[in-house]
Amino acid sequence: MMILINLAGLALIALIVWWFWLYQPPQTTLGNDELLIIVENGTYQPARIRLPANQPVSLNFLRKDASPCSEVLLIPDLHISETLPLNKRQRIDLPPMSKGEYAFHCQMQMYRGQLTVE
C-alpha cells in the first residue's frame with residue numbers, strides 16, 4: 001500500500017514540475033487580424049505570442065476568470081501594469097520593442113505568458 005502512495009506522490013510531483021516549468025504552449029503569430037487573449041482557468045490563451053520588432057502593437061485581453069489574481073496584467077520589462085475588467089475587452093498598447101523575449105503575467109505569476117519579438 002505504501003508503494004502505491006509513494007508512486008502516486010511521485011507522479012503528482014512530476015506533473016507539477018511539467019506544468020509549471022517544462023510545458024510550452026503553442027506559439028501564435030500576430031498577423032493583420034486583431035489578436036484576442038482570453039484569461040480563463042488559470043491561463044492566457046494564447047500564452048506565447050510572436051510579434052514584429054520595432055513596431056507598436058496592440059493586444060486585446062478578455063478576462064473571463066473572476067479570480068483576483070487574473071485581474072492585473074504585468075509586463076515588467078515594458079513597465080506595464082494594467083487592470084483587466086471582468087468580461088470586457090481591454091486593449092493594451094505596446095511600444096516598439098527590440099528583438100527578444102518579454103514575459104507577461106499576473107501579480108503572483110500564476111498566469112504566465114511570453115512575447116517573442118522578432
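**Charges, fold and one histidine**

Tutor: The chain carries 9 positive and 10 negative side chains, with the centres of the two sets 3 Å apart. Keep in mind that this is a predicted model.

Student: OK. What about secondary structure, how many helices and strands in the chain?

Tutor: There is one helix, and there are ten strands.

Student: What box do the C-alpha atoms fill?

Tutor: Roughly 60 × 30 × 25 Å, taken along the principal axes.

Student: And how much of the chain is buried?

Tutor: Of the 118 residues, 34% are buried.

Student: Which share of the contacts joins residues at least 24 apart?

Tutor: 57%, counted among contacts between residues at least 6 apart in sequence.

Student: Switching to H105. Where is it?

Tutor: H105 sits in strand 9, which covers residues 100-105.

Student: Is H105 buried or exposed?

Tutor: H105 counts as buried, because its relative accessibility is 9% and the cut-off is under 20%.

Student: Which residues does H105 touch?

Tutor: Leaving out residues up to four places away in sequence, H105 touches Y44, V72, L73, L74, P76, Y111 and R112.

How values were computed
Residues are numbered from 1 along each chain as its sequence is written. This is a predicted model: local features need pLDDT of at least 70, side-chain atom pairs count only at pLDDT 80 or more; totals for chains, interfaces and linings use all residues. Side-chain values use heavy atoms; hydrogens and water are left out. Helices (H or I, at least four residues) and strands (E, at least two) are DSSP runs, numbered from the N terminus. Buried means under 20% relative accessible area, exposed over 50%, partly exposed in between (1.4 Å probe, protein chains only). Contact means heavy atoms within 4.5 Å. Lys and Arg count as positive and Asp and Glu as negative; His and the chain ends are not counted. The place of a charge is taken as NZ of Lys, CZ of Arg, CG of Asp or CD of Glu.
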